[in-house]
Structures are given as structure tokens and as C-alpha cells.
Amino acid sequence: MTNVLEIRNLALGYPGLTLFKHLSVDIHAGTTLAVIGANGSGKSTFVKMLLGLMDPLAGRLTWPSGRPDEIGYLAQLTEFDRRFPIRVRDLAAMGAWRGFGLWSGLGRAGRDRVAAALDEAGILDLADRSLHTLSGGQLQRTLFARVILQDAPLILLDEPFAAVDQSTEAHLLSIIKRWREEGRAVVLVVHDLSSVLDHCSHALLLGGGTATHGPVDEVLTPDRLVSQGYLSESQAAWMFRGQANAQENRAHV
Amino acid sequence: MFDLFAEMWSFVFMRRAFVATTVLSASVAPIGAFLVLRRLSLAGEAMAHAITPGIVIGFVTAGLSVISLLVGGLVAGVGVAILTALLARKTILRSDASLASLYLIALAAGIFILSAAGSAVPLKSFLFGSILGINDASMMLVGGVASVTLVAFAALLRPLIVSTCDPIFFEAQTKRPWLVDQGFMLLLVLNLLAAFKTLGTLMAVGLMILPATAARYWASTITGQLILGFAFALASCWIGLTLSYLFPETPSGPAIVLVAGSFFLISALFGPLGFGGRFRKSAASKNLSTDQTYTQERTQ
């Protein structure tokens, strides 16, 4: 399996505050890595470090095939100014703006690419709408269309399912699945464990000053989720009750 | 009406004023649009005051020449911008409080030096502008700044739109995102200096902000915002200059800015994105899609 990025002995935080240290992770092409942790555990900071927007306190990042020119990125919806006077198709087209430079127009091929991305995100009929008329889910679909147009080998999604409804979440998950099948590496910050368990191959659990990484079923155990402060014991017992029942049934048999 | 224009046009200083403000409108319209969209409206106002000591020191030491105006204003403007960034980055103060502190010091220092030097230029024309003060050199300054601004905008427009709409996305996309920010601040200072003679230091930013905020109530695209902002700025200048001509005791700066203010108020009342649009918005909210309704429920 090709590594897109190799992280060794990473420590992340701010001067006087170390969020976690000694993290070594390989991010593979064609996998989906879920980043999970309580508020303030360093999830968004980790994503911003991958983007190059901040430096780690310690550690080394190695890009075996070179750092990609384009890294797909979706910020938290709360960080976006919805009053900006721009239409849906133009916001999505920003994903391809490096391709057509400072001066030239999109051209027919470019317009077709934008239309295809909007269609895949399920919002082609909203292409000429202004941003301030969109719902949270429609805006998130527009930003997904922008990531599609970035056509990047590594895609970082910061809380992509916050404030979107179930059908939008299912649609966006299908796009993520396609990215994985195309061999792209996807890193997503999420809070909903059920979407992680069903759709992610690997997990990175942050909290309690440590970072644990590995396949989802090895990392997201009730004990780890409790010890790293993500769930209380009662929450973990309720969430993993199905698993406990199955073990109990097996013991009876 | 025609007689009035023929009479105004017969004076050289009025012809200069009309030409200078027409060119100025084309130059400040894009600056104003992005000041508003980047939520820097008040920072623009503060910067207009911050360049005062530079202009005053230039005036006191080298007279009221275009070169002294340009050098003094640029040094003060860039100096305040750098100091603001330093204070915001290295101390507890945020950039708005840093800039507010520095511009107040700068404005007070400028007025103090001007008064102490016993200036031959009346304070009123310094603060509020004078259409009588537009000479050949001032026209060259306005023309030069407008040319630089429009060429720079042609090159910077796409990065400016991306960095304004989604700054984090832009930072992730480019190696030197600060180039766009600093380039924009430099254009702002240059345009404030170009507008100084006609509008004065206190009113210069008015021609940038008010046409842009008025346009914001009508335009739902950047192109619309830029074109409408220019139209409002141009109309404000022409009507404002006429008012200043009809009432000779009134400085041109406040006359132009008051007209721009009228456009703003009318737009706020009747523009589709102002109060006028609220009714349509509430009507539209009755037809909320299930997507929106469900999102609202989840976020409550």
C-alpha cells in the first residue's frame, strides 16, 4: 500500500501547551482515516498542521512521492462567511482556480468540469443561487464540489457532517467512498462514531495528552475511548452494548 | 441645469475637480468593495487617520508637494500597518485594538504638529479637502494611483476573491498568502493619499466605504458589486462637487460623502438585500425545504 504521508514522533500544540506527542502515523493511499477526540484535543490543529498552516512542536513529516501541489481541504462550516456575494458555481470553481491561473477564463472544458462536480454533489440545479440563500447542507455540498474539483491525492475534511441532515450525510459519505476507491487518502475529523465505524478504515484517537492510531476496530475500543476522555464509562457501555451482548451470547453457546 | 453645468465647467478648478474625482471613483471603487467584503471597513477609516502625521511632517518639512505627500503618507501608513501586525502578533491586543490605539496617536500627533508649525494651510481644508487645491501634480498623482490600482486589481482579483471569501482555504492553497493582504493594504494607503486633496484625511475613506456598502444592498455577485460601487462613487462625486460649488463655504469632502451617505440610506431601505428584502425573505421562509428545517432542528 502506497504511503502518501509518513509522520514520525510528532508533537503538536502551542507554546506552553502540548496537545499530544510521540505520534507516528502512515497515511496510506486509498484509505480513510478518522480523527476523533474531545473538544480541544487537537483534531483541527492536526488538520491545519497537515495543510502546512502551522508547524509541529517536534517530529518529522515525510512525503514519499513529494508534497502534493494540491491538498483537498474542507474547513468547519462555522468558519465560512455565507454573506459573500458569490454564486454556487463560482465558489465550487475555486477548487480549480490554480489550474486556470490569474487571467484566463474557465473555458468550455472548465465549465463542464464544474457542472460535473456540482452534479456529483447533487446541487447542479442550485448552480446560479447566491450563497446566502443556501441551507447548511446545500453549502456543505457546494464545498464538497470544490474539493472534488481540487482533484487532490490527499483530502482533509474538518467536521464535514456537522449541521447537515441524514440524507446529505449519506450523499457526502458516498463521495468519500468514491475518493477512497480512486486511491485518494482521506482524513476526516468526526464526532459521530457510527459513521466512523461504518465508513473509515483507520482511526486516530486524540485526548488525555496522547494519540492512538491504527485500524478502527483496534483503536475505538470502549476502554481506550474512556481512558482518553472521549466517552464516560456509562456512554461507552451504552454505545458498545451490542458488542457486549454478542460476547455474552457467544459465552452461553 | 445646463446653465449651471456650463458655468461650473467654465472654471479650470472645477474641470480639474470633476476629472480627478471621476478617475478617483474608478480607483477607489474596487478598494472599497474589498474593504467591506474583508470586514475591514473600520480599519480603512483608521488607516486614513493614521497617515495624517506622515502627510503633515512631509508638508512641514518640504511643503505641500505631491512627493512630500506621497513619501510621508506611505511611510506613516506602512509604519502603522507593520506596528499593528507586530502588536497583534506579539502582545495580548487584537489587531483592531492595536490599530485603534495607533491611529488615535497618529491623528493627534498630526494635528498637533500642523498646529504647532503654524501652518499656512487651513486645518479645515487639510481635514475635509478642497477642490481649489487640485493642481497638475495632484492630477498626476490621482491618475498614477488609479493606473497602478486598476492594473494591480486585474492581476490580484482572483486571489483577492478567494482569500476574502475563504481565507483558510486560500492560505492552504498558496505559499505566500500575506502578499495579497499586504498588497491590498498598500493599494489602500495609495488611494487614501490620492483622495486626500479632494476629500481630506477625515473624509477620504468615505468615498470608498459608502458606495461599496450601498452597492452591497443590491449586488449578489462581485462583478455587480464593483460596477455598482463605481456608479455610486461617481454619482456622489459629481453631485457632491456641484453642491460644494453652490455653497462655496462647504468643503468638497463632506459634500461628496453626504451624497454617498444618501445612496447608502436609500439602498438600505429599498435594496433587495436591505430592509426592502426582509419581506421577501420572510415570505420565502414559509417555503423552507425539509433540508433547511431539519438542519435548524439539529442545530438548536
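These notebook entries record what I looked up in a predicted model with chains A and B.

**Entry 1. Conventions**

I number residues from 1 along each chain as its sequence is written, and I letter chains from A and number ligands from 1 in the order in which they are written. I take helices (H or I, at least four residues) and strands (E, at least two) as DSSP runs, numbered from the N terminus.

**Entry 2. The sheet of chain A**

I looked up the strand order and found 6 strands in an open sheet of chain A, ordered β5-β6-β7-β3-β8-β9, with mixed pairing. Two strands pair if DSSP finds at least two bridges between them. The edges are β5 (71-74) and β9 (210-215) of chain A, each pairing on one side only. On average, neighbouring strands of this sheet are turned by 15 degrees against each other, direction ignored.

I then examined one pair within the sheet. Strand β3 (residues 32-37) of chain A runs parallel to β8 (residues 202-207) of chain A, and 5 bridges join them. A:A34 stands opposite A:A203 in β8(A).

I found α5(A) across β5 and β6 of chain A, at about 175 degrees to β5(A). I found α6(A) across β3, β6 and β7 (185-189) of chain A, at about 145 degrees to β7(A). Axes here are lines fitted to C-alpha atoms, for helices over the stretch in contact, and angles run from 0 to 180 degrees between N-to-C directions.

**Entry 3. A:L205**

A:L205 is buried, with 25 other C-beta atoms within 10 Å. A residue is buried with 20 or more other C-beta atoms within 10 Å of its own, exposed with 12 or fewer, and partly exposed in between; C-beta atoms are placed from the backbone. Leaving aside neighbours within four places in sequence, A:L205 is in contact with residues including A:I36, A:G37, A:T212, A:V219 and A:Y230. Contact requires C-beta atoms, placed from the backbone, within 7 Å. By comparison, I noted that the C-alpha atoms of A:L205 and A:L124, 81 residues apart along the chain, are separated by 36 Å.

**Entry 4. Positive phi in chain A**

I checked two residues other than glycine with positive phi. Phi of A:D151 is near 50 degrees, and A:D151 lies in the loop between α5 (136-150) and β6 (154-158) of chain A. A:D151 is partly exposed, with 16 other C-beta atoms within 10 Å. Phi of A:E159 is also near 50 degrees, and A:E159 sits in the loop between β6 and α6 (166-181) of chain A. A:E159 is buried, with 21 other C-beta atoms within 10 Å.

**Entry 5. Chain B overall**

I counted 15 helices and 0 strands in chain B. Of its 300 residues, 46% count as buried. Among contacts in chain B with a separation of 6 or more, 73% come from residues 24 or more positions apart.

The unreviewed UniProt entry annotates "transmembrane region" over stretches of chain B including 137-157 and 226-247. UniProt positions are given in the numbering used here, feature names are shortened, and annotations may be inferred rather than shown by experiment. Residues 137-157 of chain B are 100% helix, with end C-alpha atoms 29 Å apart. Residues 226-247 of chain B are 95% helix, with end C-alpha atoms 31 Å apart.

**Entry 6. Helices of chain B**

I looked at α11 (residues 206-216) of chain B: 11 of its 11 residues are buried, so α11(B) is largely enclosed by the rest of the structure. The cover over its buried residues includes α2 (12-37), α3 (41-50), α10 (178-203), α12 (222-246) and α13 (252-270) of chain B.

The axes of α12(B) and α13(B) come within 8 Å and cross at roughly 135 degrees. These two helices are therefore oblique to each other; angles under 35 degrees count as roughly parallel, over 145 as roughly antiparallel, 65 to 115 as roughly perpendicular and the rest as oblique. Residues making the contact include B:F232 and B:G240 of α12(B) and B:A255 and B:F263 of α13(B).

**Entry 7. Contact between the chains**

I found that the contact takes 26 residues from chain A and 23 residues from chain B. On the side of chain A that touches chain B, the elements giving two or more residues are β5, α3 (97-100) and α5 of chain A. The largest share of that side, 3 residues, comes from α5(A).

Methods. Predicted model: local features only at pLDDT ≥ 70, side-chain atom pairs only at ≥ 80, totals over all residues. Contact = placed C-beta atoms within 7 Å.
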